[in-house]
Amino acid sequence: MLKKSSLVLWGAALFVAWNGLLLLFLWSRPPAPAFSSSSSSSSSSSAAAERGRLTEEVIRLAQDAEAELERQKELLRQIHRYSGLWGRRRRAPTKAPAPSPTPPAPDNAAAVLPVLVMACDRSTVRRCLDKLLRYRPSAQRFPVIVSQDCGHAETARVIASYGDAVAHIRQPELGDVAVPAEHRKFQGYYKIARHYRWALGQVFRTFRYRAAIVVEDDLEVAPDFFEYFQAAFPLLLADRSLWCVSAWNDNGKEQMVDAGQAELLYRTDFFPGLGWLLLAELWDELEPKWPRAFWDDWMRQPEQRRGRSCIRPEVSRTMTFGRKGVSHGQFFDQYLKFIKLNDRFVPFTQLDLSYLKKEEYERSFLPRVYAAPEVRVEELQGNQRRELGTVRVQYSGRDSFKAFAKALGLMDDLKSGVPRAGYRGIVSFVYRGRRVYLAPPSDWTGYDPSWS
């Protein structure tokens with residue numbers, strides 16, 4: 001806003017200065033030569049010609065001045081028009097908001113959330129971009145920025161084919177990263193971390209956006225992808241115990257989610273990635289210590305997470321179609337290709353999401369989990385005790401968690417002791433048509449980073 005106000009003042013100053021120079025020019029012109037009485041009697045014809053030339057000069061100057069004034073009037077009209085527009089944007093509401101311990105939520109319709117697409121050498125980025133542009137409700141509120149690494153010509157041509165619909169930026173450093181000898185096989189992970197650092201720096205430092213949604217070139221988005229992030233953005237601003245909003249459910253296989261409750265959202269202590277929203281303030285915190293490789297696992301360490309959580313959906317708003325990559329398909333064939341992509345539009349901006357704030361969430365979610373009857377894994381597998389409805393399976397340590405998760409079809413890996421999609425150690429999922437909570441004892445005291 002300050003930049004735009006300065007532009008208005010500069011334009012007005014230019015208008016005044018130009019007209020001042022014009023007047024100075026007119027005033028400083030040399031006067032017409034004076035004629036003596038003796039010469040005028042003998043040169044009346046030449047004097048008449050001189051007066052004619054002077055008249056023509058005055059008329060020409062008047063016409064030039066008139067044309068210049070018309071140009072200046074148009075400039076002034078433009079300054080006035082844009083000044084009014086920017087003034088309306090800055091104008092405070094007529095009714096002051098009620099005092100609140102948290103910052104007031106911004107107008108959802110005015111929030112600008114760029115989508116940063118991380119691309120490299122997949123020409124199939126077209127599938128990602130086609131869906132983003134198809135479902136995008138506003139190009140102004142959701143500009144798409146494609147950041148390309150690798151210098152892959154075919155992928156660059158695909159991105160360029162979208163013209164002004166997307167902004168195409170290119171990572172300038174394409175050479176190998178110097179890595180320890182034992183990490184040579186991980187060169188790809190080092191390049192990815194370098195690219196993320198550069199691209200996020202462009203979004204937050206060069207373009208100076210307040211927040212950004214990050215997706216990768218092998219992700220397809222759901223019809224309500226933008227609606228979801230637009231609704232969750234004020235929550236991320238208001239609740240400082242949150243540090244991201246993710247479109248992904250790590251345990252979101254079709255048979256493990258309730259597609260009839262596509263509006264259901266959770267808090268999770270696990271950083272999901274795969275379509276996620278972060279604030280510029282978080283980048284201020286992370287950029288100085290950004291890792292050289294394995295950035296996503298680094299995000300899951302206690303030193304970065306600092307007790308904060310993310311929002312994640314019951315049904316994923318992204319799905320990955322990219323088996324090819326630096327991980328060589330790790331988890332893809334077993335888990336990722338089975339993730340259910342939501343296909344029902346949920347009007348999140350019309351829903352009350354305050355239940356996701358930390359205090360309210362723990363006041364409702366935790367009692368609901370521990371009020372559920374406890375059953376054994378074998379009873380679940382045998383489809384027994386269905387009359388109980390929602391149930392709970394309790395684990396007591398790392399080994400029991402991994403055994404139960406594997407038996408029930410969940411992802412069983414832990415990062416710094418945190419289970420995928422877990423909150424306070426609790427993983428919510430659907431098994432054979434009923435809600436199940438895989439949970440630690442109710443006196444849980446925190447994550448053990450050695451469970452990794």
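Student: How many residues of α7 are buried?

Tutor: Good place to begin, and keep in mind that this is a predicted model. Helix α7 covers residues 225-238, which is 14 residues. The helix is mostly covered, and the number of its residues that are buried is 14 of 14.

Student: Where in α7 does a kink lie?

Tutor: From its first C-alpha to its last, α7 reaches 21 Å, close to the 20 Å expected at 1.5 Å a residue. There is still a kink of about 30° in the helix, shortly before the proline Pro234. The residue where this kink lies is Ala232.

Student: Is Lys131 buried or exposed?

Tutor: Lys131 is found in helix α4, residues 125-135. Its relative accessible area is 18%, and buried means under 20%. Therefore Lys131 counts as buried.

Student: Which side chain does the side chain of Lys131 join in a polar contact of 2.6 Å?

Tutor: Leaving aside neighbours within four places in sequence, Lys131 is in contact with Glu220 and Val221. The polar contact of 2.6 Å joins the side chain of Lys131 to that of Glu220.

Student: Why does Ser316 count as buried?

Tutor: Ser316 sits in the loop between β9 (309-313) and β10 (318-320). Not counting residues up to four places away in sequence, Ser316 touches several others, including Trp248, Ile339 and Leu341. Ser316 counts as buried because its relative accessibility is 0%.

Student: What backbone atom does the side chain of Ser316 reach at 2.9 Å?

Tutor: Among the residues that Ser316 touches are Ala247, Trp248 and Asn249. At 2.9 Å, the side chain of Ser316 reaches the backbone nitrogen of Asn249.

Student: How many residues apart in sequence are Tyr361 and Arg267?

Tutor: Tyr361 has its place in helix α11, residues 358-371. Its side chain reaches the backbone nitrogen of Arg267 at 3.5 Å. From C-alpha to C-alpha, Tyr361 and Arg267 are 8.0 Å apart in space, while their separation in sequence is 94 residues.

Student: What is the relative accessible area of Tyr361?

Tutor: Tyr361 touches Leu265, Tyr266, Leu356 and Tyr423, among others, not counting residues up to four places away in sequence. Tyr361 is buried, and its relative accessible area is 2%.

Student: Is Arg306 buried or exposed?

Tutor: Arg306 is found in the loop between α10 (302-305) and β9. Its phi is positive, about 50°, although Arg306 is not a glycine. Exposed means over 50% relative accessible area, and Arg306 has 54%, so Arg306 is exposed.

Student: What is the relative accessible area of Asn383?

Tutor: Asn383 lies in the loop between α12 (377-381) and β11 (391-394). Although not a glycine, Asn383 has a positive phi of about 55°. Asn383 is partly exposed, with a relative accessible area of 35%.

Student: Which residue just after α6 takes a positive phi?

Tutor: Helix α6 covers residues 187-206 and reaches 27 Å from its first C-alpha to its last, close to the 28 Å expected. Just after α6, a positive phi of about 60° is taken by Arg208.

Student: What percentage of the residues of the chain count as buried?

Tutor: The chain holds 13 helices and 15 strands. Its accessible surface comes to about 23,400 Å², of which 55% belongs to carbon and sulfur atoms. Of its 452 residues, the share that count as buried is 45%.

Definitions and conventions:
Residues numbered from 1 in each chain as written. Predicted model: local features only at pLDDT ≥ 70, side-chain atom pairs only at ≥ 80, totals over all residues. Heavy atoms only, no water. Helix = DSSP H or I, 4+ residues; strand = E, 2+ residues; numbered from the N terminus. Expected span 1.5 Å × (residues − 1). Bend = angle between axes of the 7 residues up to and from the residue. Buried < 20%, exposed > 50% of the residue type's maximum accessible area, 1.4 Å probe, protein only. Polar contact = N/O pair within 3.5 Å; in protein donor to acceptor, adjacent residues only side chain to side chain. Contact = heavy atoms within 4.5 Å. Areas by Shrake-Rupley, 256 points an atom, 1.4 Å probe, with all protein chains shown as cover.
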